[in-house]
Amino acid sequence: MAITRILIANRGEIALRVHRAAQEMGIETVAVHSTADADAMHVRLADQAVCIGPPSATDSYLNMAAIISAAEITGADAIHPGYGFLSENAKFAEIVEAHDIAWIGPKPEHIRTMGDKVEAKRTAGALGLPLVPGSDGAVETAEEALQLAEEIGYPVLVKAASGGGGRGMKVVQNADELPSLMSQAKSEAKSAFGDSTVYIEKYLGNPRHIEFQVFGDGNGNAIHLGERDCSLQRRHQKVLEEAPSPVISDADRDRMGRTCADAMAELGYRGAGTIEFLWENGEFYFIEMNTRLQVEHPVTEAITGLDLVREQIRIAAGEPLSVTQDEVRFTGHAIECRINAEDPRSFAPSPGQVTSYHAAGGMHVRVDSGLYAGYRIPPFYDSMIAKLIVYGRTREGCIMRLKRALGEMVIEGVKTTIPLHETLIRQDDFQTGDYTIKWLEEWMEQREE
Ligand code: ADP
């Protein structure tokens, strides 16, 4: 089933990213957009464009009926969902497939399993991935929770089964706090996700966030493309990512990567996925799996030389993986900075017109962005407006190049987080790679004084 025309059900830099891969494969693209995005770059570059609704994402980028109609009208034979929006919506994937349109993503059943954290943990455990010690499934009553917490040892974390974006989590320090924090977590989860199911796990004090990129062909073959270190986070949102991680040895990468690939092979997983772990004292602990392309995928592309979107499209067309595990080579180092239209100190969103724009360039510098001079950043969507990805033969060289490239970026008319990155990468702890998921917020607090 050859793919000839892909509808891209997304916006911003990721819509462009998919368009570029498609073009290089000789595949046409269809952009969809809200009325607020009529002048967006993805709309300008695509072969065709269809307006699917008003600015609110619920009525446009999340509007399944409008997107399916757009695919039918334009004769698209595949849909790429990007990340966010409908990318991890199993029902949408099923609807797409029911319309005989290729879904450029995992099998709906795997999206569903991994979207429920309790199910995901159970599945990961059964596949041999190391888990954070915790409850075996959902926890119903405070008595049950107290007994479990006693066994695991405090502090523990109460997490929402349907949680996402770091929401629906409560750290519990002792037995006295547990009943009330657990009922708070349940009611927050109910109102945010419509599901009050919670579970409990050991709260790790100072871990790093290490994730493995995996690919499966859906027929029992799978590979891993190494890890990314995404420990630099603010409110559980990733700010800067790098590959390889400064702390993972070649032996650990090989061992854990193969464990992940074997798990995906056994599952019959199809397409791109990311298995996220917390890493503390040399041990990996599975936290969740994302059944889609990640924002930070370019750092993996930089060190492997593979085009991950091309790989996704090939798999959706029923082709085999383009490389075997033994053919995957990791070379050099890559860092990505997420550039948001936000105040670099308060992080208040800063939408508006970009009066002038110049992207950094030069050897091993990549900017993924839909910006252009005169573009109006709409206030309705995520504030990430560009990703700067830099590659170097060594981590030191990569950091030097990143300093140079950040200095070249010009985005005027709105506030951006470029100054945050410029300061961040000059810190000793960053330069030595000595940071955990707590580091960025602690550093920002000290900086404020
Ligand atoms: P979400 O889907 O909401 O992003 P995750 O399970 O991926 O939820 O967790 C988000 C972040 O919360 C992690 O990157 C980590 O910073 C923190 N976290 C999650 N589980 C634990 C844990 N057991 N101990 C300590 N921190 C955790």
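Q: How are helix α1 (residues 12-24) and helix α11 (residues 308-316) oriented where they pack?
A: In this predicted model, the axes of α1 and α11 lie 9 Å apart and meet at an angle of about 65°. Angles of 65 to 115 degrees count as roughly perpendicular. That is why α1 is described, relative to α11, as roughly perpendicular.

Q: Which residues of α11 meet α1, and how many residues of this contact are charged?
A: From α1 come Arg-17, Val-18, Ala-21, Ala-22 and Glu-24. Their partners in α11 are Leu-308, Val-309, Arg-310 and Ile-313. Sorting the residues of this contact gives six nonpolar and no polar, and the number of charged ones is three.

Q: Why do the buried residues of α4 line one face of the helix?
A: Ala-90, Phe-92, Ala-93 and Val-96 are the buried residues in α4. Looking down the axis of α4, these residues line one face because they fall within an arc of 160°. Here is a handy rule: an α-helix has 3.6 residues a turn, so residues three or four places apart point the same way. The value behind the one-faced pattern in α4 is an arc of 160°.

Q: Which residues are exposed on the other side of α4?
A: The buried residues of α4 are covered by elements including α3 (64-74), β4 (78-80), β5 and α5. To count as exposed, a residue needs over 50% relative accessible area. On the other side of α4, the residues that are exposed are Lys-91 and Ala-98.

Q: What arc do the buried residues of α5 cover?
A: Helix α5 (residues 108-115) has Pro-108, His-110, Ile-111 and Met-114 buried. They pack against α4 (90-98), β5 (102-103), α6 (117-126), α9 (250-267) and β13 (283-290). They sit on the same side of α5 because around the axis they cover an arc of only 165°.

Q: Where is Pro-155 placed?
A: Pro-155 is joined to Tyr-154 by a cis peptide bond, with omega about -5°. To find Pro-155, look in the loop between α7 and β6 (156-160).

Q: Which residue has a cis peptide bond to Pro-244?
A: Pro-244 is placed in the loop between β11 (237-243) and α9. The cis bond, with omega near -5°, runs to Pro-244 from Ala-243.

Q: What is the relative accessible area of His-236?
A: His-236 is found in the loop between β10 (222-234) and β11. Although His-236 is not a glycine, its phi is positive, at about 65°. His-236 is partly exposed, with a relative accessible area of 47%.

Q: Is Ile-275 buried or exposed?
A: Ile-275 lies in strand β12 (residues 270-280). Beyond its neighbours within four places in sequence, its contacts include Leu-129, Phe-212 and Met-264. A residue counts as buried under 20% relative accessible area. The relative accessible area of Ile-275 is 0%, so Ile-275 is buried.

Q: Is Met-400 buried or exposed?
A: Met-400 lies in helix α12 (residues 395-408). Its relative accessibility is 54%, and the cut-off is over 50%. Therefore Met-400 counts as exposed.

Key: Residues are numbered from 1 along each chain as its sequence is written. This is a predicted model: local features need pLDDT of at least 70, side-chain atom pairs count only at pLDDT 80 or more; totals for chains, interfaces and linings use all residues. Side-chain values use heavy atoms; hydrogens and water are left out. Axes are lines fitted to C-alpha atoms, for helices over the stretch in contact, and angles run from 0 to 180 degrees between N-to-C directions. Helices (H or I, at least four residues) and strands (E, at least two) are DSSP runs, numbered from the N terminus. Angles under 35 degrees count as roughly parallel, over 145 as roughly antiparallel, 65 to 115 as roughly perpendicular and the rest as oblique. Contact means heavy atoms within 4.5 Å. Ala, Val, Leu, Ile, Met, Phe, Trp, Tyr, Cys and Pro count as nonpolar, Asp, Glu, Lys and Arg as charged, and the others, Gly among them, as polar. Buried means under 20% relative accessible area, exposed over 50%, partly exposed in between (1.4 Å probe, protein chains only). The arc is that of the directions from the helix axis to the C-beta atoms.
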